[in-house]
Amino acid sequence: MPTRLSLPYRIIEGGFLDCARRGLVPPWAPDRFWRLLEVEPDFLKQTRWRKHFVSKLARLTGHDREKIEDYLQEGMAAPEFNRLREQLQGEAAIHGGLEASCGLAIYITIRALQPKVVVETGVAGGASSTYILLALAHNGVGRLYSVDLPAYQAPREGIVFSPGSSKVIEFPRGKDVGWLVPGHLRSRWRLSLGPSREVLPGLIHELEDLDLFFHDSDHSYENIRFELQTVWSSLRTGGFLTGDNVYWNTAWQDFLRGVSHGPLVGFCMDLGRAPRTAFTRKRG
Ligand SMILES: C[S@@+](CC[C@H](N)C(=O)[O-])C[C@H]1O[C@@H](n2cnc3c(N)ncnc32)[C@H](O)[C@@H]1O
């Protein structure tokens, strides 16, 4: 029976996180504490948090820290990254856009992995798609296949909603799914519109080998299990399963219990709420 895991988060929202912000919680604290902290968006400017972030990614990808630091600097210096951050704080202040640290973790993983085929479910404005496509562009190889529901015009004038999402996504007037993705990154991108339950099986069949899957669509227990089950057999050994809001229920843990995989590493620190983006690798 799936359970929600969010109980402790609201309780500690005041005191513990305040301590963390003031520097009283060390970066080597156990993962379950560390991932509760949101020092977003500026935590990467703080040396100790940055070192921890880089070390985790080095362990996850098998690359040395210097290389990961290079990728991090490259990602943060990219005009596309900075423009996206401005948009997410301004006109695109939608609920659901991937936070900068999660996006950078995905960016760096893709730079390190050099994947040929990446699939994501859940595009909304296209924050995660932009991070992925930027990394693929810098790699000079690879394509992204994304799946989302078609946006539709809601009764309230000027706002487009995505139905079926766990929350309502508000788009600025006249914008459509993926509108944040810059035009020059779109040549490596194919967006398919429809429920993942209908679109994903055919897509995976067509692609055969998959290097990285990112789940950020409907986070219901059933849908997560369905998507992970659908992509697993096509995911190559050493390939990555990643997702946002991985700890909202036990779907990920329950699925992973039955397959051979590396550690599940959580990345995004979301103030007072459950941790966000997590990664694991398929083992042979
Ligand atoms: C949290 S948002 C995605 C955020 C996005 N990854 C980003 O970084 O901005 C969730 C998205 O999942 C889509 N979605 C919800 N249910 C879906 C389904 N069954 N199949 C495909 N997409 C779905 C919604 O339309 C919404 O755009």
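Two strands are said to pair if DSSP finds at least two bridges between them, strands (E, at least two residues) and helices (H or I, at least four) being DSSP runs numbered from the N terminus. The model is predicted, so local features need pLDDT of at least 70 and side-chain atom pairs count only at pLDDT 80 or more, while totals for chains, interfaces and linings use all residues. Residues are numbered from 1 along each chain as its sequence is written.

Q: How do you know that strands β1 and β6 pair?
A: Strand β1 (residues 117-121) and strand β6 (residues 210-215) are joined in the parallel sense over four bridges, where the definition asks for at least two; V119, for instance, has F213 of β6 as its bridge partner.

Q: What makes β5 and β8 edge strands?
A: In the open sheet of seven strands, ordered β5-β2-β1-β6-β7-β9-β8 with mixed pairing, β5 (189-193) and β8 (265-266) each have a single partner strand, so one side of each is left without a neighbour in the sheet.

Q: Which residues of α9 and α10 make the contact?
A: Contact (C-beta atoms, placed from the backbone, within 7 Å) involves S196, R197, L200, P201 and I204 of α9, and N223, F226, E227, T230 and V231 of α10.

Conventions:
Contact = placed C-beta atoms within 7 Å.
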